[in-house]
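Hi,

Here is the structure I promised to pass on. Please have a look, then read my notes below.

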Amino acid sequence: MKIFPSSSIKKLDAYTIEHEPIASIDLMERAAQALTKAITNRWNPETPVTIFAGPGNNGGDALAVARMMAEKGYKIEVYLFNTKGELSPDCQTNKELVEMMEEVTFHEISTQFVPPTLTPEHLVIDGLFGSGLNKPLSGGFAAVVKYINASPAMVVSIDIPSGLMGEENTFNVKSNIIRADVTFSLQLPKLAFLFAENTEFVGEWELLDIQLSEEGIEETETNYEMLEIEEIRSLIKPRQQFAHKGNFGHALLIAGSKGMAGASVLAARACLRSGVGLLTVHAPLCNNDILQTSAPEAMVETDVSETCFAVPTDTDDYQAVGIGPGLGRNEETEAALIEQLEHCQTPTVLDADALNILANHRHTLTHLPKGSILTPHPKELERLVGKCQDSYERLMKACELAHTAKVHIILKGAYSAIITPEGKCYFNQTGNPGMATGGSGDVLTGVILALLAQGYPAEDAAKIGTYIHGLAGDIAQKKQGMIGLIASDIVTCLPTAWRLVSE
């Protein structure tokens, strides 16, 4: 599913109008029908509804919704803000239609606004501004937003909360953005919906199909997409009848230190549960017995050190390397990691302490093996690229790093972003807050390591691994609930996730 920047959305509307063909007022009518159905499915006709409409097409949508809801018996009050005496043509048409309806209490605001009383029983429909906004709200509109936000009413936003911009909100005025309980986005999501700091404005969001041109969507380029199960399913390679373990790669996992054996166990077990042919874990001597007992299917190569990763190992006989979980950051390990990476030619997935060590040796980032994948969470990324003000800036800096270092990056979060060296960003929909627990990232490292070892290209390994990891977490959440979920539960549910996607 594509995610378009705001500048492309108008073009997509125009493409639909031209090629369907359909009049713009009829496309607005179609959007309003979808909105009305979604709203009336959630709120019954006893709910008093107050609609705030702006002068553009977002306001036109809101006015059309007012008309359709009134026809269904809802008690509707409308405030149309027309402070410049200039409405978009379709907004003007819908204004005239609403004015003719006795069932709607209609107010057109040109100067003075006397705010209505809004109670906890009220539903507010926000149709002030759409996704085309390119500067923060100010003056009277900012005052209206603050009034709505201060009210106890439920708030539904049409397409995007008024005041929120579709992509970057770094320099926006947060107090001048509608705080919606529900946002009904037309056809496709907005990039801003996927950033943690915008949750307080967007609330729950739902996509409404308004039948924009599929051909137009296909032809319009964008760097942003949402991963869907059909794509993941198409990427998974079928297994041949006469396949053997040699066909599915030999992976090397360099992980663990004294007191951190668990990280290596979780990554190893996840790797084994993700189709790898053979797995060797390079670990300090103190972790040998734990690994042999907890992951008997893996081979263990012990480091010369009793307690940590201290000496690089030969990677020529492996198809992929995973390094970082539970590694620790002492001087011996730091030196061993840098030397390991400088001599390694094998695709490598780097996580946790490997990333933290790299933050002190940034020159090494441009010498990583071809086909490598970094899996930072936001704080780990900031150690690599510097402090970021918000998620948008973090995403942009991650894109720069992926391009400069010629690596793929999985920026972990509620909508983990898979970023390619070419600047494409794929956002993952699977996963849940129960996965915010120690060891969850180690599991992801193991899954991706297995895929790289099996010969999947870095981009496919990152997409499949992130999706499957989240799906296993969703299966675990259904069994265990969010609060009781631990990383081992994700590993346990990996086979079910693979089965669901493969079938």
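About 930 Å² is buried between domain 1 and domain 2, and carbon and sulfur atoms give 67% of that area. Thr170, Leu194 and Phe195 supply 45% of what domain 1 buries against domain 2, more than any other three residues. Keep in mind that this is a predicted model.

The domain assignment puts domain 1 at 1-221 and domain 2 at 240-500. Their C-alpha centres lie 42 Å apart. In the contact between them, 13 residues of domain 1 meet seven residues of domain 2.

What about polar links across this boundary? The count of salt bridges between domain 1 and domain 2 is zero. Three residue pairs are in polar contact there, both partners at pLDDT 80 or more. On the side of domain 1 that touches domain 2, eight residues are nonpolar, two are polar and three are charged.

Now the salt bridges. The structure holds 15 of them. Side chains of opposite charge can pair when their charged atoms come close.

- Arg42 and Glu204: the closest N and O atoms are 2.7 Å apart. This pair links distant parts of the chain, with Arg42 in helix H2 and Glu204 in strand S8 (residues 204-208), 162 residues apart. Arg42 is partly exposed, at a relative accessible area of 34%. Glu204 is partly exposed too, at 41%.
- Lys95 and Glu108: their side chains form a salt bridge at 2.9 Å, N to O. Lys95 sits in helix H4 (residues 89-99) and Glu108 in strand S4 (residues 104-109), 13 residues apart. Lys95 has a relative accessible area of 11%, so it counts as buried. Glu108 is partly exposed, at 32%.
- Glu382 and Lys387: the closest N and O atoms of this salt bridge are 3.7 Å apart. Glu382 counts as buried because its relative accessibility is 10%. Lys387 counts as exposed, at 61%.

There is also a network: salt bridges that share partners join Arg42, Glu204 and Glu206.

One more residue. Is Ala32 buried or exposed? Ala32 is buried, because its relative accessibility is 0%. Ala32 lies in helix H2 (residues 24-42). Leaving aside residues up to four places away in sequence, Ala32 touches Asp61, Ala64, Val65 and Met68. Ala32 and Met69 are 37 residues apart in sequence, and their C-alpha atoms are 9.8 Å apart in space.

Best regards

Terms used:
Residues numbered from 1 in each chain as written. Predicted model: local features only at pLDDT ≥ 70, side-chain atom pairs only at ≥ 80, totals over all residues. Heavy atoms only, no water. Domains from an automatic or database assignment. Contact = heavy atoms within 4.5 Å. Buried area = accessible area lost by both parts, 1.4 Å probe. Salt bridge = Lys/Arg side-chain N within 4 Å of Asp/Glu carboxyl O. Polar contact = N/O pair within 3.5 Å; in protein donor to acceptor, adjacent residues only side chain to side chain. Nonpolar A, V, L, I, M, F, W, Y, C, P; charged D, E, K, R; others polar. Helix = DSSP H or I, 4+ residues; strand = E, 2+ residues; numbered from the N terminus. Buried < 20%, exposed > 50% of the residue type's maximum accessible area, 1.4 Å probe, protein only.
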